[in-house]
Amino acid sequence: MSFFRKTGLCALAAATLIAVGSAGHAADDPELIFKKSTVWKFMAPDHKLATYAIDDPIVDGVSCHFTVPEKGGISGWLGVAEEVSDVSLACRQVGPVSFKEKFEQGEEMYQERRSLFFKKMRIVRGCDAKRNVLVYLSYSDKLIEGSPKNSTSTVPLMPWGDQVPPKCGDFLDD
């Protein structure tokens, strides 16, 4: 088999893996708010910080914003760069809160692939029942080893208009 044919087959296989890896994630994509370049790259995309918004899928009235670094350069452009684990997270009550279903402490609210195969960034949800506060934690993990880099945000459940806020502890799945 010729060098060019092998190279073409490898490129096709890589493109297929990228497409398959991102296809199941499309419905859960967060909303891009903006990107800011941090490192200029000659003849390739810049390194950037990207800020996204996502609504909690089971808690109406709560939204999170997170900022993640996105690698530029050739590897970032090709989608094969392993992204760093730095994530900033802020979650807030943005309307009257209602729960669609019960949830477990530390249940995953969102995940995003941060490398071609091994790393994922996750946002999980918990409840501080004593204080009636939702607690959100973002972190990244790897197949072999996790990352100690993380970010926590809390959302005290407050009255909205004349609505009395629900107790998050009532919606914990025992």
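Tutor: Let us begin with burial. A residue counts as buried when its relative accessible area is under 20%, and as exposed when that value is over 50%. The model shown here is predicted. Within it, C64 is buried, and C91 is buried as well.

Student: What proportion of the 174 residues counts as buried?

Tutor: The proportion is 34% of the 174 residues. The protein exposes about 10,600 Å², of which carbon and sulfur atoms supply 59%.

Student: How many helices and strands does the protein have, and in what order do the elements run?

Tutor: There are 2 helices and 8 strands. Read from the N terminus, the order is α-β-β-β-α-β-β-β-β-β. As for contacts with a separation of 6 or more, 50% of them join residues 24 or more positions apart.

Student: How is a disulfide to be read, and how many are there?

Tutor: A disulfide is a covalent bond between the sulfur atoms of two cysteines. Here the count comes to 2 disulfides. In one of them, the sulfur atoms of C64 and C91 are 2.0 Å apart. The torsion about that S-S bond is about 105°, so the disulfide of C64 and C91 is right-handed. Because C64 belongs to strand β3 (residues 59–70) and C91 to strand β4, the pair ties together parts that are 27 residues apart in sequence.

Student: Which cysteine is bonded to C127, and what is the handedness of that disulfide?

Tutor: C127 is bonded to C168, with the sulfur atoms 2.1 Å apart. The torsion about the S-S bond is about 70°, so this disulfide is right-handed. C127 lies in strand β6 and C168 in the segment after β8, so the pair ties together parts that are 41 residues apart in sequence. C127 is buried at 7% relative accessibility, and C168 is buried at 0%. With the bonded cysteines numbered in sequence order, the pairing reads 1-2, 3-4.

Student: Let us turn to the aromatic rings. Why is the pair of F99 and F103 called stacked?

Tutor: Planes under 30 degrees apart count as stacked. The structure holds 4 aromatic pairs. In the pair of F99 and F103, the ring centres are 6.0 Å apart and the planes meet at 10°, so the pair is stacked. F99 also forms a stacked pair with F171, at 4.4 Å centre to centre and 15° between the planes. Since F99 lies in strand β4 (residues 88–99) and F171 in the segment after β8 (150–156), that pair ties together parts that are 72 residues apart in sequence.

Student: What surrounds S151, and which backbone atom lies 3.2 Å from its side chain?

Tutor: S151 is found in strand β8 and is buried, with a relative accessible area of 14%. A polar atom of its side chain lies 3.2 Å from the backbone nitrogen of L89. Leaving aside residues up to four places away in sequence, S151 touches V87, S88, L89, Y136, L137 and S138.

Key
Residues numbered from 1 in each chain as written. Predicted model: local features only at pLDDT ≥ 70, side-chain atom pairs only at ≥ 80, totals over all residues. Heavy atoms only, no water. Phe/Tyr/Trp six-rings, centres within 6.5 Å; stacked < 30°, edge-to-face > 60°. Helix = DSSP H or I, 4+ residues; strand = E, 2+ residues; numbered from the N terminus. Buried < 20%, exposed > 50% of the residue type's maximum accessible area, 1.4 Å probe, protein only. Polar contact = N/O pair within 3.5 Å; in protein donor to acceptor, adjacent residues only side chain to side chain. Contact = heavy atoms within 4.5 Å. Areas by Shrake-Rupley, 256 points an atom, 1.4 Å probe, with all protein chains shown as cover. Disulfide = S-S within 2.5 Å.
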